[in-house]
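Hi,

Here is the structure I promised to pass on.

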Amino acid sequence: MKKNILLFIMVCLLQLPIHAQVKSISFSGDYIGSSGKKMGVTKADGFGGSVRLDVKLFDFLSIGLSGGYNHFTVDQDSALEKWDWRFWDVRYRGSISSDLKDTTFGLSAFWKPVQSIDAFPVMITVNGDFTLFGALNIQPYIGGGMFFYTRNMYLEETWNRVYKNPEQYRFSYTYRNFAPSKSGNPFIVTGGVRIDYPLTEIINIMAEFSYRKIIETEGKYGFDEALFTDMMNVKLGFLFAY
């Protein structure tokens, strides 16, 4: 997946006009909420960080190249059953059932699936650049890119065994049983607005709100395994102007 991300960034950079001039670079912390949830997902919220390079084309127009990292926590109904984990479905679940039915072992078990998503969105945007009240900069933009993601899940297992001879005592242990990851890189479109205000000659404080939409490509690019289709992203950070 990392090779795909680097290749996509290189392609985006090659599309920039030769006469373009670096306008600014920004760094931000992100909060991401999702909607359009699929497969019984009840929650998929994230946080992360991003960096964006803006290249000036004209006084009122620029191109932005952005990338970042997002980590989502996920709540999904019947997550273990929906994962299609062959080791669990075919082998391990049957072994657990057999052990628990054998009363001579004195075993009891509890397990909880824990799921998360690590994502690396990479986008290129066309930005309008406007200045109001002498210093406040407003930048609406539209664009698109790719949403590189990996879904991870582990089963938190807690096992208890009661020993009755010569004295009754309980032994308990907990461990994590990791399932194979799922990944994809569906296409996304985005639109938003960024506002920044100068603190010094080169440092601006900035806030940004954007909307992202995963393009439906059934059966391709990992779209089917993506747990949501829409994202709302709020950013706060600093912009360094050139």
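Below is what turned up around the rings.

First, the ground rules: this is a predicted model, where local features need pLDDT of at least 70, side-chain atom pairs count only at pLDDT 80 or more, and totals for chains, interfaces and linings use all residues. Numbering runs from 1 along each chain as its sequence is written, and side-chain values use heavy atoms, with hydrogens and water left out.

**Ring pairs**

Searching the whole structure gives 13 aromatic pairs (Phe, Tyr or six-membered Trp rings with centres within 6.5 Å; planes under 30 degrees apart are stacked, over 60 edge-to-face, the rest tilted). One of them is Phe72 with Phe147, edge-to-face at 6.5 Å centre to centre and 70° between the planes. Phe72 sits in strand E3 (residues 61-76) and Phe147 in strand E6 (residues 136-163), so the pair ties together parts 75 residues apart in sequence (strands are DSSP E runs of at least two residues, numbered from the N terminus). Phe72 is buried at 0% relative accessible area, and Phe147 is buried too, at 2% (buried is under 20%, exposed over 50%, partly exposed in between; 1.4 Å probe, protein chains only).

Phe171 and Tyr173 make a tilted pair, 5.7 Å centre to centre with 40° between the planes. Here Phe171 is partly exposed at 43%, as is Tyr173 at 39%.

**Charges over rings**

Arg52 has its charged end over the ring of Tyr141, 4.9 Å from the centre (the cut-offs are NZ of Lys or CZ of Arg within 6 Å of the ring centre and within 35 degrees of the ring normal). Lys182 does likewise over Trp83, at 5.1 Å.

Cheers

Notes
Helices (H or I, at least four residues) and strands (E, at least two) are DSSP runs, numbered from the N terminus.
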